[in-house]
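Here is a colleague's note to read beside the structure, written as numbered points. Please keep the view open and look up each residue as it is named.

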Amino acid sequence: MPETQSSRQDPRRWKKQPVRRTVSQICPPPRRPLTVADIRPGMENERLGVVRDSMFQNPLIVKAELGKPRERSCSLPGIDFNYGLYTRGLDGGVPEAIGHWNVFKQQPTCPHELTRNYIAMNRGAVKAGLVTARENFLYRQLNDIRISDQDDRRVKKELPSLPPNMTFGTLARPSTPFFDLLQHRYQQLWVQEQKATQKAIKLEKKHKVILGKLYETRSSQLRKYKPPVKLDALWHMPHFQKVHPHLDTFPTEADRQRAFRAHQEEHAVRQGTLRMGNYTHP
């Protein structure tokens, strides 16, 4: 009974312990190329006839085994081989670094050959009267003009001098003037600008030179003149000229004219071709 109670009280006994794996299990070594000794009956790379180790180092011939990664065809060095760069010699460690200070010795720079000044040589050849290619070649051999380093420094563009407290980058956007927006400041400025513009226009009209009265000549009057067109009376049949209307619904001529005036005023809001129907609006 005490053993059962102790086993119930100890939860670590039933907890799954983590599996510890070695480095070779986590990162296995690379697979070496196949050899004749590794081939067994039933494998994908089993061959008939003469079989050599070089056949299993050709990536075009080697087949991938079922459920296994493809074998590499390159041969790897032995187990004792160390990958990476090997630093030869010892630096002495911390004591030598504290006690000595190895200063890097500047290697002597080889004098570089100065470039030829073809402009000056061509100018001198032309002044000397040499125009052919052979004459220019001989002139350049006798008068080999080079561009000095001082000339190179003068020709090179110097970098602009920048102030020591200069800040690089894009400037931040200025803050929005909320007080001006709430006070309608921009509206007031626009109204002032409009008033100033109108005032300037009025002053310009006031100081504008008024020309004298223009007199029209006979040619200008004839240009504007339109000859009157004589309107002929409408033609009526002779036997209908003296016939009076048989129906007259207006008692007098004044009532007739008043009715026609009312119809003319309501002409815009009535329907129909002759504008004599109902009103277009309710």
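1. A residue is called buried when its relative accessible area is under 20%, exposed when that area is over 50%, and partly exposed in between. With that cut-off, buried residues make up 7% of the 282 residues in the protein chain. Please bear in mind throughout that this is a predicted model.

2. The protein chain has 10 helices and zero strands, and its pattern along the sequence reads α-α-α-α-α-α-α-α-α-α. As for how the chain meets itself, 31% of the contacts between residues at least 6 apart in sequence join residues at least 24 apart.

3. If its neighbours within four places in sequence are left aside, the residues in contact with Asn45 are Leu34, Ile39, Phe56, Ile61, Val62, Lys63 and Glu65.

4. The next matter is charge. Side chains of opposite charge can pair when their charged atoms come close. How many salt bridges does the structure hold? There are five salt bridges in the structure, and one of them joins the side chains of Asp144 and Arg116, with 3.3 Å from N to O. Because Asp144 lies in the loop between helix 5 (133-142) and helix 6 (149-155), while Arg116 lies in the loop between helix 3 and helix 4 (118-127), this pair ties together parts that are 28 residues apart in sequence. Asp144 is partly exposed, at a relative accessible area of 38%, and Arg116 is also partly exposed, at 28%.

5. Asp144 has a further partner, for it forms a salt bridge with Arg146 in which the closest N and O atoms are 3.1 Å apart. Arg146 has a relative accessible area of 31% and is therefore partly exposed.

6. Arg258 is partly exposed with a relative accessible area of 47%, and Asp255 is partly exposed with 23%.

7. Two packed helices are described by the angle between their axes and the distance between the axes. The axes of helix 4 and helix 5 come within 10 Å and cross at roughly 120 degrees, and the two helices are therefore oblique to each other. The crossing in which helix 4 passes helix 5 is right-handed. On the side of helix 4 the contact is made by Tyr118, Met121, Asn122, Gly124 and Ala125, and on the side of helix 5 by Asn136, Tyr139 and Arg140. Sorted by class, the residues of this contact are four nonpolar, three polar and one charged.

8. His184 has its place in the loop between helix 7 (178-182) and helix 8 (185-206).

Key
Residues numbered from 1 in each chain as written. Predicted model: local features only at pLDDT ≥ 70, side-chain atom pairs only at ≥ 80, totals over all residues. Heavy atoms only, no water. Contact = heavy atoms within 4.5 Å. Salt bridge = Lys/Arg side-chain N within 4 Å of Asp/Glu carboxyl O. Helix = DSSP H or I, 4+ residues; strand = E, 2+ residues; numbered from the N terminus. Buried < 20%, exposed > 50% of the residue type's maximum accessible area, 1.4 Å probe, protein only. Axes fitted to C-alpha atoms, helices over the stretch in contact; angles between N-to-C directions. Parallel < 35°, antiparallel > 145°, perpendicular 65-115°, else oblique. Left-handed = near helix turned anticlockwise from the far one by under 90°. Nonpolar A, V, L, I, M, F, W, Y, C, P; charged D, E, K, R; others polar.
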